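Dear colleague,

Please find below the sequence and the structure that I am handing over to you. My notes on what was found follow directly after them.

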Amino acid sequence: MKTRRAWRVAERESARREAAESGSARVPGLLAAGAGALRGRAGWVVGSVVVLALGLVGAWLFAGSDRQGTPPDTRARAYQDYDACLLTDERGIVSGAPAAPVWEGMQAASLDRHIRVTFVPVMGEKSVENARPFVNGLVQRDCEIVVASGAPQVAAAEAAVEKNPKVRFVTVGEAGGAAHDNLVRVAPGASLKDDIAATVKRLAREE
């Protein structure tokens, strides 16, 4: 004989089975109704919205991929594989220094001929012996043109002319001393900037 509790358990299990069967029976009906809706005017609307959404997502992803890269710098200059290097005293190229107009002339030549220009100040004792390693360093760096400003730097550069015939030397000072095919002396004065610019451009053009 079933107890009251057993009858209640049986009733609950029967109710769950009926709910499950009714729910599973409703699913095909809902799917069919959805399919019917998509075949009508509403289907065109929904389809258009989906296509538009996918297009926007694709455009966003494409734009995002472009942003990941670095845009080219239109201001970047293309230099020749050619270097003109300036040797100065310890003051460098600051305004008022003897090498300041020399550096300005080299920059003007760089803009015209697209060559790289750099400068190195000689620090320490103001002597030819102290300047000589700096000259050798510029030669070892493969500077095609070595420009020297200041008495110790000029003397050290002119002493290296014969040993380095493939390097063009430009020294700032009064004319004098032995002449060499790879040495140009530029006199100081009001036109020093323009004279240096013209000399560096000419030497770069001859290469």
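Predicted model: local features only at pLDDT ≥ 70, side-chain atom pairs only at ≥ 80, totals over all residues.

Residues are numbered from 1 along each chain as its sequence is written, and side-chain values use heavy atoms, with hydrogens and water left out.

Which residues of α4 are buried? They are A131, V135, L138 and V139, where buried means under 20% relative accessible area, exposed over 50%, and partly exposed in between (1.4 Å probe, protein chains only). These residues lie on the same side of α4, because they cover an arc of only 100° around the axis; the arc is that of the directions from the helix axis to the C-beta atoms. An α-helix has 3.6 residues a turn, so residues three or four places apart point the same way. On the other side of α4, the residues E129, P133 and Q140 are exposed.

The buried residues of α4 are covered by elements including β1 (83-88), β2 (116-121), β3 (145-148), α5 (151-159) and β4 (168-172), where contact means heavy atoms within 4.5 Å.

**An aromatic pair**

The structure holds one aromatic pair. Its members are W103 and F119, whose ring centres are 5.3 Å apart and whose planes meet at 65°, so the pair is edge-to-face. Rings of Phe, Tyr and Trp (its six-membered ring) pair if their centres lie within 6.5 Å; planes under 30 degrees apart count as stacked, over 60 as edge-to-face and the rest as tilted. Because W103 lies in helix α3 (residues 100-113) and F119 in strand β2, the pair ties together parts that are 16 residues apart in sequence. W103 is buried, at 11% relative accessible area, whereas F119 is partly exposed, at 32%.

**Two residues with positive phi**

H114, in the loop between α3 and β2, is not a glycine, yet its phi is positive, about 60°. D142, in the loop between α4 and β3, is likewise not a glycine and has a positive phi of about 65°. H114 is partly exposed, at 35% relative accessibility, and D142 is exposed, at 54%.

Yours sincerely

Definitions and conventions. Helix = DSSP H or I, 4+ residues; strand = E, 2+ residues; numbered from the N terminus.
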